[in-house]
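Subject: Structure handover

Hello,

Here is the structure for you to take over. Please open it first, then read the notes below.

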Amino acid sequence: MSQNWSEYEVREIVKDYFDMLSKEIRRVPYKKSEHRKRLKRRLNGRSDGSVEYKHQNISAVLRALDMPFISGYKPMSNFQRMLAKVVEEYLRGTEYWKEEFEYFTTAPIGHPQQIDFAKWLEPIPQLIQAKEPKAEYLPRSAKVDYFAKEQANKLLGDRGEELVLQYEKWRLIKEDKAGLADSVEWISKDQGDGAGFDILSRNKNGTDRYIEVKTTKLGKYTPIYFSRNELRYSQKHESNYYLYRVFEFDKRPKMFESKGSLDSICDVEPLSYLGRFG
């Protein structure tokens, strides 16, 4: 069997991936194993592992395009250029990415169900060294950063911060620091967004803990956006600065945390520059 996927196979798996992604965005139950079983009948003897890896490649393409991807398929960046071309052609040839992805950014956001904070922490993702090729096929007018649009959703951000506020009080009480739990402050709500962090909590020894909360309905590998002010504050207070990344918010929310300046926690890509004259 040829190791390279044919264009027919690539188009079939791309179509299947978007069918699953649509269901995930709309919260329609589905089983990946059933999709894979049906899909393999149309492929050239591909193994479960090969199909899984190609789905992860599609996630990487969508992430490079700043578009939502299936949470359960961790982006794997070593993909065929043909795969990126087929994905972008699919998006360009349908109204899917406009209708479904816009729904993703505007869908109603409810309060999460009761969370067991003892079980909601996950390890921070390892930094991915391989870089995705930049998108080349979508026309400029069609390029929308859906990650940025989601993060700009104030209600989603507030719900995530509210959850972290509850978690911090729970954490301090669990550490026998109930007095410190009473001092946790929701800075972004009470003082606005200019402080450089969202939650002022306490470490076990009573020192300040500055928490920046980033919330997404997608998975843990979804990129985050932060301001120059947030970056500078994290650099100035890196010994007590924490990123709390809340993800899969409208399923069963989970979180990972990382201590230090934002540019030490993740790969930073400058998106704009200021040009002055005179």
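**What was found**

Aspartate 176 counts as exposed, at 68% relative accessibility. Here buried means under 20% relative accessible area, exposed means over 50%, and partly exposed lies in between, with a 1.4 Å probe and protein chains only. Aspartate 176 sits in the loop between α7 and α8. Its phi is positive, about 60 degrees, although it is not a glycine. Helices (H or I, at least four residues) and strands (E, at least two) are DSSP runs, numbered from the N terminus.

Some ground rules. This is a predicted model, in which local features need pLDDT of at least 70 and side-chain atom pairs count only at pLDDT 80 or more, while totals for chains, interfaces and linings use all residues. Residues are numbered from 1 along each chain as its sequence is written, and side-chain values use heavy atoms, with hydrogens and water left out.

**Around α8**

Alanine 178 is in helix α8, residues 178-181. It counts as partly exposed, at 43% relative accessibility. Setting aside neighbours within four places in sequence, alanine 178 is in contact (heavy atoms within 4.5 Å) with Leu172 and Ile173. Valine 86 is 92 residues from alanine 178 in sequence and 55 Å from it in space, C-alpha to C-alpha.

**The nonpolar cores**

Nonpolar side chains tend to be buried together in soluble globular proteins. A nonpolar core here is a set of buried Ala, Val, Leu, Ile, Met, Phe, Trp, Tyr and Cys residues joined through side-chain atoms within 4.5 Å. The largest one has 35 residues. Val14, Phe18, Leu21, Leu62, Val87, Leu91 and Phe101 touch the most other members. At least two residues each come from α1 (7-25), α3 (48-64), α4 (81-93), α5 (96-106) and α6. The biggest contribution is from α1, with 8 residues.

Which residues does leucine 21 contact, leaving aside its neighbours within four places in sequence? They are Leu62, Pro68, Phe69, Ile70, Tyr96 and Phe101.

Serine 59 is in helix α3. Is it buried or exposed? Serine 59 is buried, because its relative accessible area is 0%. A polar atom of its side chain lies 2.9 Å from the backbone oxygen of tyrosine 73. Beyond neighbours within four places in sequence, serine 59 is in contact with Tyr17, Phe69, Ile70, Tyr73 and Pro75.

Serine 71 is in the loop between α3 and α4. It counts as buried, at 14% relative accessibility. Leaving aside neighbours within four places in sequence, its contacts are Glu24, Lys217, Leu218, Gly219, Glu248 and Lys251.

One of those, glutamate 248, is in the loop between β4 (241-247) and β5 (254-259). Glutamate 248 is buried, with a relative accessible area of 14%. Its phi is near 50 degrees, a positive value in a residue other than glycine.

**Leucine 156**

Leucine 156 lies in helix α7. It is buried, with a relative accessible area of 0%. Leaving aside neighbours within four places in sequence, leucine 156 is in contact with Ile109, Glu150, Thr215, Thr216, Lys217 and Phe249. Histidine 111 is 45 residues from leucine 156 in sequence and 9.6 Å from it in space, C-alpha to C-alpha.

**The second largest pocket**

A pocket is an open set of points on a 1 Å grid over the protein atoms alone, where a 1.4 Å probe fits, with protein on both sides within 12 Å along at least five of seven lines; lining residues have an atom within 4 Å of a point. The second largest pocket holds about 530 Å³ of space. It is lined by 26 residues, and the closest to its centre are Gln151, Gly157, Glu161, Asp193 and Asp198. Two or more lining residues each come from α6 (146-151), α7 (154-174), α9 (187-191), β3 (208-215) and α10 (228-236). The largest share, 5 residues, is from α7.

Best wishes

How values were computed: Points joined across faces, edges and corners; volume = space filled by probe spheres on them. Polar contact = N/O pair within 3.5 Å; in protein donor to acceptor, adjacent residues only side chain to side chain.
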